[in-house]
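Me: I would like to learn how to read side-chain features in a model. Can we take them one at a time?

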Amino acid sequence: MDSQTIRRGQVRWTLLLGLNNARPQGAYEQVLLAIIQALYPDSTQMEVRRELDYLEARELVELRKEPNGRWWADLTRFGIDVVEYTVDVDPGIARPPKYW
């Protein structure tokens, strides 16, 4: 795997974890960007939006794109199941193996 593939997978997993911690309200993209920048300081809003779009296409998150330009995200039922390790996850998300 190349470093960009690894990064994308880790960003997606970290976004899911951040949204899990924001339950039940969800979070705006600015909060999620701050979380991702703690892991990758060079992360951008576009990177976060691209990965949120990917997660929405996989039906793991629900996005609300507001008229003022802000994005809000929340986990779907399936997204919660992925974070809680109750279902398998397809490739593309760097979820660590369950060790407990």
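Reply: Start with a charge over a ring. It counts if NZ of Lys or CZ of Arg is within 6 Å of the ring centre and within 35 degrees of the ring normal. Keep in mind that this is a predicted model. Here, Arg7 lies over the face of Tyr40, 4.4 Å from the ring centre.

Me: Which charged end sits over the ring of Tyr28?

Reply: That of Arg70, 3.6 Å from the ring centre.

Me: How do I read a pair of aromatic rings?

Reply: Two values describe it: the distance of the centres and the angle of the planes. This structure holds one aromatic pair. The ring centres of Trp13 and Tyr85 are 6.0 Å apart and the planes are at 75 degrees, so the pair is edge-to-face; the cut-off for that class is over 60 degrees.

Me: Which parts does the pair of Trp13 and Tyr85 tie together?

Reply: Trp13 belongs to helix H1 and Tyr85 to the segment after H4, so the pair ties together parts 72 residues apart in sequence.

Me: Are Trp13 and Tyr85 buried or exposed?

Reply: Both are buried.

Me: Now salt bridges. What is the general idea?

Reply: Side chains of opposite charge can pair when their charged atoms come close. A search of the whole structure finds ten salt bridges. Take Glu47 with Arg7: their closest N and O atoms are 2.9 Å apart. Glu47 is in helix H3 and Arg7 in helix H1, so the pair ties together parts 40 residues apart in sequence.

Me: Are Glu47 and Arg7 buried or exposed?

Reply: Glu47 is buried, with a relative accessible area of 9%. Arg7 is buried too, at 12%. Arg7 and Glu47 are also linked with Asp42 in a network of salt bridges.

Me: What does Arg12 form with Glu51?

Reply: A salt bridge, with the closest N and O atoms 2.6 Å apart. This pair links distant parts of the chain, Arg12 in helix H1 and Glu51 in helix H3, 39 residues apart. Arg12 counts as buried at 10% relative accessibility. Glu51 is buried at 1%.

Me: Where do Arg77 and Asp81 lie?

Reply: Both are in helix H4, four residues apart, about one turn of the helix. Arg77 is exposed, with a relative accessible area of 61%, whereas Asp81 is buried at 16%. Leaving aside neighbours within four places in sequence, Asp81 is in contact with Thr86 and Val87.

Me: Next, a helix. Which residues of H2 are buried?

Reply: Glu29, Leu32, Leu33 and Ile36. They cover an arc of only 105 degrees around the axis, which puts them on the same side of H2. What covers them includes helix H1, strand E1, H3 and strand E3.

Me: And a loop: where is Ser43?

Reply: Ser43 sits between helix H2 and helix H3. At 4% relative accessibility, Ser43 counts as buried, because the cut-off is under 20%. Beyond neighbours within four places in sequence, Ser43 is in contact with Arg7, Leu33, Ile36 and Gln37.

Me: Last, a strand. Where does Asp74 lie?

Reply: In strand E3. Asp74 counts as buried at 15% relative accessibility. Asp74 and Leu16 are 58 residues apart in sequence and 8.9 Å apart in space, C-alpha to C-alpha. Leaving aside neighbours within four places, the contacts of Asp74 include Leu19, Pro24 and Leu60.

Methods:
Residues are numbered from 1 along each chain as its sequence is written. This is a predicted model: local features need pLDDT of at least 70, side-chain atom pairs count only at pLDDT 80 or more; totals for chains, interfaces and linings use all residues. Side-chain values use heavy atoms; hydrogens and water are left out. Helices (H or I, at least four residues) and strands (E, at least two) are DSSP runs, numbered from the N terminus. Buried means under 20% relative accessible area, exposed over 50%, partly exposed in between (1.4 Å probe, protein chains only). Contact means heavy atoms within 4.5 Å. The arc is that of the directions from the helix axis to the C-beta atoms. Rings of Phe, Tyr and Trp (its six-membered ring) pair if their centres lie within 6.5 Å; planes under 30 degrees apart count as stacked, over 60 as edge-to-face and the rest as tilted. A salt bridge is a side-chain nitrogen of Lys or Arg within 4 Å of a carboxyl oxygen of Asp or Glu.
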